[in-house]
Amino acid sequence: MDLFALDSAKFIDLNLVTVGFLFIVGFIGGLVSGFIGSGGAFILTPGMMGLGVPGTVAVASNMCHKFPKALVGALKRFRYGQVDVKMGLVIAASAGVGVQCGIAIQRHILERWGQAGSDLYVSLAFVAVLFSVGGYVLHDALRCNRRNGDCGGTPALARRLQAVNLPPMLTFRRSGLRISLWFTLPVGFATGMLAATIAVGGFIGVPGLIYVLGVPGLIASGTELVTAFVMGLCGSVNWALHGMIDIRLVLIILGGSLLGVQLGAIGTTYVRENMIKLVMGTIMLIVAVSRVIAIPCYLERLDVLTMAPGLQTGLKTASFICMCLGLLSGAALILAAMWRGRGTAAAPAA
């Protein structure tokens, strides 16, 4: 029997409450996506898993909803001059290879250890990447705040890489930099592989563009949406062929996301670049904590440990509450930053 054949047991039952929750999660995910350039999957995938959606289905459905939302966000940001289309397509080329490798890894884990193993893998990957990347981004944002918004220009690593003349050299006029093609490849591959394995590529892609290649923050967050569109389209076709996309989830979160992504994109015109880093780092760390809390439940399903039923229920509830806290915190930070930025922008005209 094909483990990837369509099986109704993989899909959760939907009611008014779960539909409403998914729509709100989609809206906040879209808000975050339009604001920081990530596809918002580090909110959407755990949000779906918190409702009991299997990790693989959450990843596949999330990727499917991503490419139309990313297209809307990219077009919106392009009008504000915040998208380097050439950079986005170059990164997308190697990201496409990463997507196929990531899907192959997910398929192997699901075949070897079943759905519980896949859920555990998704959660562990989230924890590792969210804590490492989120911690670094938040540290950098706080450092910039202590310097009154002065982040020191192009990061040191990016300056060193830009100084290396390793043909073929590519010039990106919108980003204002020239760098070897070979240095763009690992950034794209890592973005694509993570996007396919855990439906998250933006919070690797955006920091990679900023800290490795030296793309300015606002342009990096807008450019990643171009890459997200290409990755989402390619990955969705592959996942759909294996029957792992729940189209109901796709349509619900897409409905909320398309509203949120436009509001988030507008918000970038009112805030400093450093605010994008602050929001990204904060949300990542809160969501990482929610996945840490859920890990013992997956270990029990794999018979690695034994827990009392009450404890398991308590952990699931705590994980869900922490996830909701992450959603609300992210939305509050973005909306507050937009409100303050809008007020500052309007002040001279008063």
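This is a predicted model: local features need pLDDT of at least 70, side-chain atom pairs count only at pLDDT 80 or more; totals for chains, interfaces and linings use all residues.
## Basis

Local features need pLDDT of at least 70 and side-chain atom pairs 80 or more, while totals for chains, interfaces and linings use all residues. Residues count from 1 along each chain as its sequence is written, and side-chain values use heavy atoms, without hydrogens or water.

An unreviewed UniProt entry lists "transmembrane region" for residues 12–36, 42–64, 85–105, 120–138, 179–204, 247–266, 278–299 and 320–339. Such annotations may be inferred rather than shown by experiment.

Residues 247–266 are 100% helix, with end C-alpha atoms 28 Å apart. For residues 320–339, the values are 100% helix and 28 Å. Helices are DSSP runs (H or I, at least four residues), numbered from the N terminus.

## Cysteines

The disulfide count is zero, by a rule that needs two cysteine sulfur atoms within 2.5 Å. Cys 297 is buried at 3% relative accessible area. Cys 322 is buried at 12%. Buried means under 20%, exposed over 50%, partly exposed in between (1.4 Å probe, protein chains only).

## Ring contacts

There are three aromatic pairs (Phe, Tyr or Trp ring centres within 6.5 Å, using the six-membered ring of Trp; planes under 30 degrees apart are stacked, over 60 edge-to-face, the rest tilted). One is Phe 21 with Phe 320: centres 5.0 Å apart, planes at 40 degrees, so tilted. Phe 21 sits in helix H1 and Phe 320 in helix H11, so the pair ties together parts 299 residues apart in sequence. Phe 21 is buried at 15%; Phe 320 is partly exposed at 26%.

Tyr 136 and Tyr 211 also pair, edge-to-face, with centres 5.0 Å apart and planes at 85 degrees. Tyr 136 lies in helix H4 and Tyr 211 in helix H7, 75 residues apart.

Technical notes: Helices (H or I, at least four residues) and strands (E, at least two) are DSSP runs, numbered from the N terminus.
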